[in-house]
Amino acid sequence: MNDEDMSHLASPATFIGADAQLAADISTQLEAVERRLYEVTEQTRKLPDTTSKHLLAAGGKRARPNLLLLTARLGEANRDAIIDAAVAVELIHLASLYHDDVMDDAPVRRGAPAAHEVWGNSVAILTGDLLFSKASGVTAKLGPEAVRVQAETFERLVLGQLNEFAGPPEDADAIEHYIQVLADKTGSLIATSAQFGVMFSQADQSLAEPVRIFGERVGIAFQLADDIIDLTTTSSVSGKTPGTDLRERVPTLPVLYVRAAAADGDATAAEVVELLDADLSSDEALESARAALAAHPVTARARAEAVRWADDAKAALAPLPDGVVKESLFTFADSVVTRSA
């Protein structure tokens, strides 16, 4: 399962609406973040310099820095530490993409050939390692608490990937295991981004935990919504062949639900499982399995679960003061589950 980069989502800065000044301020800070990203990844040798900037140059909406810059509005958002924190989380994210694409054998990332397609697996992995080291250097400037949070986040990113490969332990609940994988692989870094915005803006530090919980739950909601998109959206909208997760045998939430239903004696679910377990190498077989799963009630149930996680994310923001930051975070949570790609 690919760790989606959320690059196709509208950035949180666009949720500000009529507050043109705030939108402009965040855009200005994003430009500073972009400059710093290029400065930090600068290398004297051509190969590491080129590979380090490969995905950076491919673009993306910088969703994690955007989220950080938005939560920083709960305090003093113009502090230099805010830019450093935004650079650090984006470097961690970029580094993880180099590794993810090797593990998933993904040919394309952000419209450009994946790094391993250009330079091979070894160079791609080493480039990811290099960017992780750069992120650590930036985080070290922010102090020991930032280093601790980053270390815990990095551990969760790795454990999430390992636990996905290993699958659920014997007698464990497969759905609970899957949700925890999503929380670790995707939710943890989004959570840290939101948390850093509060930590380094000298905002009321009691707000750091609510926004951290918000970020983790939004990350889970985002990936659950991806499960639905893979089943129900045409390739012209989503940019990938519908049912790709099924062909790759990814145990997404609709798949887990339908297998559980079949095990409980649901005959229609059993029919879907039979299609899922068939040879899906042909487009015809894949489409039959996709259509059957998409039409089964478990897919609507999975969609409702994604919405529930988004609603739970919003509920975590109850301690935040009313205003544009809270409203923007609400809109961000809604957008991850209403998108079509």
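Let's start at Val158, which sits in helix H8. Helices here are DSSP runs of H or I with at least four residues, numbered from the N terminus, while strands are runs of E with at least two. What we're looking at is a predicted model, where local features need pLDDT of at least 70, side-chain atom pairs count only at pLDDT 80 or more, and totals for chains, interfaces and linings use all residues. Residues are numbered from 1 along each chain as its sequence is written, and side-chain values use heavy atoms, with hydrogens and water left out.

Back to Val158: with a relative accessibility of 40%, this residue counts as partly exposed. That label covers the range between buried (under 20% relative accessible area) and exposed (over 50%), using a 1.4 Å probe and protein chains only. Val158 also belongs to a nonpolar surface patch along with Phe154, Leu159 and Leu162, and together they have about 320 Å² of accessible area. Such areas come from the Shrake-Rupley method with a 1.4 Å probe, and for residues only the protein chains shown count as cover. To be in a patch, a residue needs over 30% relative accessible area and no salt bridge; nonpolar side chains (Val, Leu, Ile, Met, Phe, Trp, Tyr) are joined within 5 Å, like charges within 9 Å.

**Rings**

How many aromatic pairs are there? The count comes to 2. The rule is that rings of Phe, Tyr and Trp (its six-membered ring) pair if their centres lie within 6.5 Å; planes under 30 degrees apart are stacked, over 60 edge-to-face, and the rest tilted. Phe132 and Phe154 have ring centres 4.4 Å apart and planes at 35 degrees, so they make a tilted pair. Because Phe132 lies in helix H7 (residues 121-140) and Phe154 in helix H8, this pair ties together parts 22 residues apart in sequence. Phe132 is buried at 9% relative accessible area, whereas Phe154 is partly exposed at 34%. The pair of Phe196 and Phe200 is edge-to-face, with 5.2 Å from centre to centre and 70 degrees between the planes. Both Phe196 and Phe200 are buried.

**Salt bridges**

The structure has 22 salt bridges, each being a side-chain nitrogen of Lys or Arg within 4 Å of a carboxyl oxygen of Asp or Glu. Here are some of them:

| Pair | N to O distance |
|---|---|
| Glu39 and Arg36 | 3.9 Å |
| Glu152 and Arg148 | 2.8 Å |
| Glu209 and Arg212 | 2.9 Å |

Glu39 and Arg36 are 3 residues apart in helix H1 (residues 20-40), about one helical turn. Glu152 and Arg148 share helix H8 (residues 144-166), 4 residues apart, again about one turn. Glu152 is partly exposed at 39% relative accessible area, and so is Arg148 at 36%.

Glu209 and Arg212 sit 3 residues apart in helix H10 (residues 208-232), about one helical turn. Glu209 is partly exposed at 38%, as is Arg212 at 22%. Which residues join these two in a network of salt bridges? Arg156, Asp184 and Glu216 are linked in that network with Glu209 and Arg212.
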